[in-house]
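The exercises below concern aromatic side chains and their surroundings. Please work through each task with the sequence and the model open before reading its solution.

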Amino acid sequence: YLGGTWLVETNALGNGYAATFLVAFVLTEAGLLMLLFIREPDAPAVRERSGVAARLAELPGLLRADRNFGVFLLACVLGALGRIAMPYYVLYAKQTLSIGGHELGLLTAAFLLAATTLNLVWGVIADRVGFRAVFLGSLAIWIAGTFVLLGADGFGALVAVFVALGAGSGGFMMGQQNLVLEFGTRADLPLRIAVINAATEAMGVVAPLAGGVLATALDFPSVFFAAIAFKLAAAALVALRLREPRVSRADS
């Protein structure tokens with residue numbers, strides 16, 4: 001909100017957007033420097049040191065041994081492909097409603113506040129029924145927000161849409177990052193985390209590029225429908241094929 005009001009609207013330093021990026025860079029670097037004061041905790045179980053190639057060679061066996069984790073990996077990839085529309089929500093809003101820096105700041109604030117504060121709700125749900133439910137619920141809200149965006153005709157509706165988009169994307173990230181911790185053994189946890197993060201971040205790079213091609217060739221709604229399709233596929237896979245890891249672990 002402050003960036004949109006103080007920097008974009010006033011065209012600070014001759015380029016309001018560039019000034020916003022500069023401030024974001026400084027704040028991000030300050031946050032990263034705080035890591036220098038954190039001591040790495042001792043892990044309860046550590047695998048023998050080996051090369052990256054040797055560790056990656058273990059991945060097919062890991063997926064064969066835990067097919068439930070393989071389903072989760074595929075669902076994360078599909079959900080990450082649903083981020084194809086992420087850069088274009090604001091562009092579409094700006095194009096359809098001709099909003100300025102102040103309104104863009106409010107939309108961004110609504111998105112981020114929903115993503116952070118509603119994590120408390122997602123946490124309660126996870127405690128009671130597991131992170132699988134968080135994963136599914138966040139995808140449902142994300143899909144609903146994207147649908148409503150296509151018909152939003154006022155700024156109030158647009159704020160509600162960005163709240164839904166923030167809640168959905170925040171819940172998806174929370175579900176993905178925590179659900180992976182509940183598969184398999186502690187010793188294999190670093191490999192599972194690495195695989196999930198590498199796969200989803202790779203799709204996070206590819207998806208916006210594909211969205212740009214689609215938006216150029218067709219239009220923004222086409223990008224949003226593609227995003228909805230990927231999220232629906234991820235939700236269907238989780239609903240039909242992914243078993244709650246807590247239940248699987250208890251049974252075994």
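A residue counts as buried when its relative accessible area is under 20%; the model to which this cut-off is applied here is a predicted one.

**Exercise 1.** Classify the ring pair Tyr92 and Phe224, and state where its members lie.

*Solution.* A search of the whole structure gives eleven aromatic pairs. For Tyr92 and Phe224 the ring centres are 5.2 Å apart and the planes stand at 90 degrees, and because an angle over 60 degrees counts as edge-to-face, that is the class of this pair. Next, Tyr92 belongs to helix 6 (residues 88-97) and Phe224 to helix 12 (residues 220-241), so that the pair links distant parts of the chain, 132 residues apart. Finally, the relative accessible area is 11% for Tyr92, which is therefore buried, and 0% for Phe224, which is buried as well.

**Exercise 2.** Classify the ring pair Phe135 and Phe172, and decide whether its members are buried or exposed.

*Solution.* The centres of these two rings are 5.1 Å apart with the planes at 45 degrees, so the pair is tilted. Since Phe135 is in helix 9 (residues 131-151) and Phe172 in helix 10 (residues 155-179), the pair ties together parts 37 residues apart in sequence.

**Exercise 3.** Which residues touch the most other members of the largest nonpolar core?

*Solution.* Among the 55 residues of this core, they are Phe72, Tyr89, Phe135, Leu158, Phe162 and Phe224.

Notes
Residues are numbered from 1 along each chain as its sequence is written. This is a predicted model: local features need pLDDT of at least 70, side-chain atom pairs count only at pLDDT 80 or more; totals for chains, interfaces and linings use all residues. Side-chain values use heavy atoms; hydrogens and water are left out. Rings of Phe, Tyr and Trp (its six-membered ring) pair if their centres lie within 6.5 Å; planes under 30 degrees apart count as stacked, over 60 as edge-to-face and the rest as tilted. Helices (H or I, at least four residues) and strands (E, at least two) are DSSP runs, numbered from the N terminus. Buried means under 20% relative accessible area, exposed over 50%, partly exposed in between (1.4 Å probe, protein chains only). A nonpolar core is a set of buried Ala, Val, Leu, Ile, Met, Phe, Trp, Tyr and Cys residues joined through side-chain atoms within 4.5 Å.
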